[in-house]
Amino acid sequence: MKILVMSDTHGEINSVVQHIKNIEKFSMLLHLGDYIEDAEKIKQLLNIPAVIIRGNGDFQRADYNYDEILEINGKRIFLTHGHRYNVKYGITNLYYRALELSADVVLFGHTHIPIVERVADMLIMNPGSPTYPRGFNRKSTIGILDIGSDVEGKLVEVK
């Protein structure tokens, strides 16, 4: 199952959606916050189901959760925007919360800096931001989560 993972779109999605349509067909969208309105629009434009969580920029959207736990193909996935775990200062708090939740995968945003790493048996991914990238390379990115018997995560540059 191929899942599109996005975060921190901040109101700029038209060119990103067009690029995504040219990549491949996804089974689902996981949007990790900042901006919920973008996620709802992307879900409609791509015509796929979505799980959407709120970020620090979505503070007026109490109808969405800050964290979610999903189970897909037997894998436990922890979704969060990350700001409540101080991810701008490292992923230690996030990692230990994921251990408490028995997560196989942790997806987070907030920093706008893409990463994919494995810590023990846990996959940790931040898809970065397709519209306002930060970090050394400042590349606009999204994530792809491929869940089969194993879980693989990769980053894809957009634009």
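Strands here are DSSP runs of E with at least two residues, numbered from the N terminus, and two of them pair if DSSP finds at least two bridges between them. The model is predicted.

**View 1. The hairpin of strands β9 and β10.** Strand β9 covers residues 141–147 and strand β10 residues 151–157; the two run antiparallel and are joined by seven bridges. Three residues lie between the strands. Thr 141 stands opposite Glu 157 of β10.

**View 2. The salt bridge between Asp 146 and Lys 2.** The N to O distance between these side chains is 3.3 Å. Asp 146 belongs to strand β9 and Lys 2 to strand β1 (residues 2–6), so the pair ties together parts that are 144 residues apart in sequence. Asp 146 is partly exposed, at 28% relative accessible area. Lys 2 is partly exposed as well, at 28%.

**View 3. The salt bridge between Arg 118 and Glu 152.** The closest N and O atoms are 4.0 Å apart. This pair links distant parts of the chain, with Arg 118 in strand β7 (residues 115–119) and Glu 152 in strand β10, 34 residues apart. Arg 118 has a relative accessible area of 44% and is partly exposed; Glu 152 is partly exposed at 47%.

**View 4. The salt bridge between Glu 40 and Lys 43.** Here the closest N and O atoms are 3.5 Å apart. Both residues lie in helix α2 (residues 36–46), three residues apart, and are therefore separated by about one helical turn. Glu 40 is partly exposed at 24%, and Lys 43 is partly exposed at 29%.

**View 5. A network of salt bridges.** Glu 37, Arg 61 and Asp 63 are linked in this network. The whole structure holds seven salt bridges.

Terms used:
Residues numbered from 1 in each chain as written. Predicted model: local features only at pLDDT ≥ 70, side-chain atom pairs only at ≥ 80, totals over all residues. Heavy atoms only, no water. Helix = DSSP H or I, 4+ residues; strand = E, 2+ residues; numbered from the N terminus. Buried < 20%, exposed > 50% of the residue type's maximum accessible area, 1.4 Å probe, protein only.
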